[in-house]
Amino acid sequence: MNRQPQTHPKSEQVRARGRVLMLVENCSYPDDMRVLMECRSLHDAGYQMTVICPTGRSRRAYENVEGVHVYRYPKPWEPGGFLGYIWEFGYSLVMTFLVSLYVVFRRGCDVLHVRTPPDIYVFLAGFYKLFGKKYVVDLHDLPPEMYQAQNDGSGSRIVHAVLLWFESLTCRTADLFIASSESQRRMQIERGGAPPDRCHIVRNSPHERFLEPIEPIESLREPGKIILGYMGMIGVQDRVDMLVRACQCLKNELGRDDFRAVIVGDGPALDELKRLAVELGIEQRVSFAGFQRGDDLLRHVASFDICVTPDPSNAYNDTCSMVKTMEYMAMAKPVVAFDLRENRITAGDAGFYAKGNDAIDLARQIAVLMDDAELRARLGQAGRQRVVNTLLWSRQQRSLLTAYEKIFAPDYVPQPAAMGEHAR
């Protein structure tokens with residue numbers, strides 16, 4: 001292994017701390033902000049970090065990204081439907097296993113850190129546990145709930161039951177669990193049977209770049225118009241259509257024409273979202289900026305007057321802490337969201353909440369903020385202070401490192417997992 005001294009200033013610590021192999025299925029590295037911050041934190045703490053993931057913006061098979069060794073395999077074609085679901089995960093599992101054999105042989109591995117979903121990587125982890133490797137599950141989303149949300153609650157019962165079985169198997173196999181919310185941790189324990197002493201919470205967090213001042217995009221602004229904004233993925237489960245429907249309610253039910261909605265992001269539901277805007281007759285009031293990153297992304301958010309988190313209440317969203325909400329708050333933007341438990345935990349009194357999954361009430365709450373610049377400013381500042389005081393990654397980093405210190409402790413012997421409800 002060729003090391004550059006300036007790239008790896010902590011080579012002695014790396015040997016002392018341990019070697020971590022992180023597996024990521026649904027995005028590339030360093031495209032996912034949470035994965036990026038986790039890897040940076042562990043690397044800076046002295047762990048040797050290696051990531052296996054599909055290609056994304058970078059198509060290089062190997063790349064050293066700020067000391068993190070990244071191995072990428074070609075991103076799978078996603079045909080959609082049940083067979084597409086099987087193909088995507090089956091292909092990713094096989095490719096990850098093949099690449100991991102090379103990586104483990106060349107760089108070694110003490111811990112397999114698996115970003116979940118999918119839980120199907122439990123088979124790969126089980127193989128390496130035979131050789132004494134530790135298995136860490138990093139739960140970003142609950143796979144059974146995510147599957148149902150992606151299928152609008154009408155997914156196959158068989159697939160849902162299989163996902164529950166995989167979840168239970170994962171909870172009985174892993175040595176350490178990391179969840180992004182208390183709701184997810186509780187589900188791992190109560191439904192999956194994971195031992196509570198092995199379960200840690202490392203919350204999502206905004207990147208500190210969102211705290212830095214940046215100029216808005218003046219061309220987005222129109223005299224007398226309030227800019228409503230959304231930033232993030234546009235998948236079926238994200239339900240950005242609720243924002244589009246709220247815009248229709250603003251225009252038709254509340255008689256408002258003094259707004260413009262700017263939707264920043266990309267995803268499999270984008271084309272359908274554009275069609276919906278046309279069907280509802282509000283295509284003149286909604287614009288789509290596409291995928292943005294870096295300063296371009298920050299400048300778009302800086303241009304928003306009101307930010308919207310449109311994810312409605314369902315079994316999936318009720319357990320998710322929305323990173324986009326925290327990023328809005330970091331930029332001192334007022335946030336309107338549905339009244340979900342994790343939204344309350346994240347934003348607290350800095351958020352403005354619509355009831356139920358009601359697009360009309362979402363529009364009403366947006367309208368209140370449209371008419372009150374002072375309230376918008378007050379909520380924005382409260383949100384920024386909440387980020388600075390409680391939500392920054394520096395706080396979550398301590399939880400991550402504490403969990404890793406535990407798993408690398410010489411006397412760490414995990415207790416057997418209980419049999420969860422769906423494991424019996």
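I began at C39 and found it in helix 2, which spans residues 33-44. I am working from a predicted model.

Next I asked: is C39 buried or exposed? C39 has 0% relative accessibility, so I count it as buried, the cut-off being under 20%.

Then I looked up its contacts. Setting aside neighbours within four places in sequence, I listed M22, Y29, M49, V51 and V68 around C39. I followed up V68 from that list. V68 sits 29 residues from C39 along the chain. I read 7.2 Å between the C-alpha atoms of C39 and V68.

I traced 6 strands in the order 11-10-9-12-13-14. The sheet is open, and its pairing is parallel. Which strands are at the edges? I noted strand 11 (286-290) and strand 14 (351-354), each pairing on one side only.

I checked one pair in detail. How many bridges join strand 9 to strand 10? I found 6, between residues 226-231 of strand 9 and residues 259-264 of strand 10. These two strands run parallel. I also looked across from I227 and found R260 of strand 10 opposite.

Last, I looked at what covers these strands. Helix 13, residues 359-370, lies across strand 9, strand 10, strand 12 (306-309), strand 13 (335-338) and strand 14. I noted the angle of helix 13 to strand 14 as about 145°.

Terms used. Residues numbered from 1 in each chain as written. Predicted model: local features only at pLDDT ≥ 70, side-chain atom pairs only at ≥ 80, totals over all residues. Heavy atoms only, no water. Helix = DSSP H or I, 4+ residues; strand = E, 2+ residues; numbered from the N terminus. Buried < 20%, exposed > 50% of the residue type's maximum accessible area, 1.4 Å probe, protein only. Contact = heavy atoms within 4.5 Å. Pairing = 2+ DSSP bridges. Axes fitted to C-alpha atoms, helices over the stretch in contact; angles between N-to-C directions.
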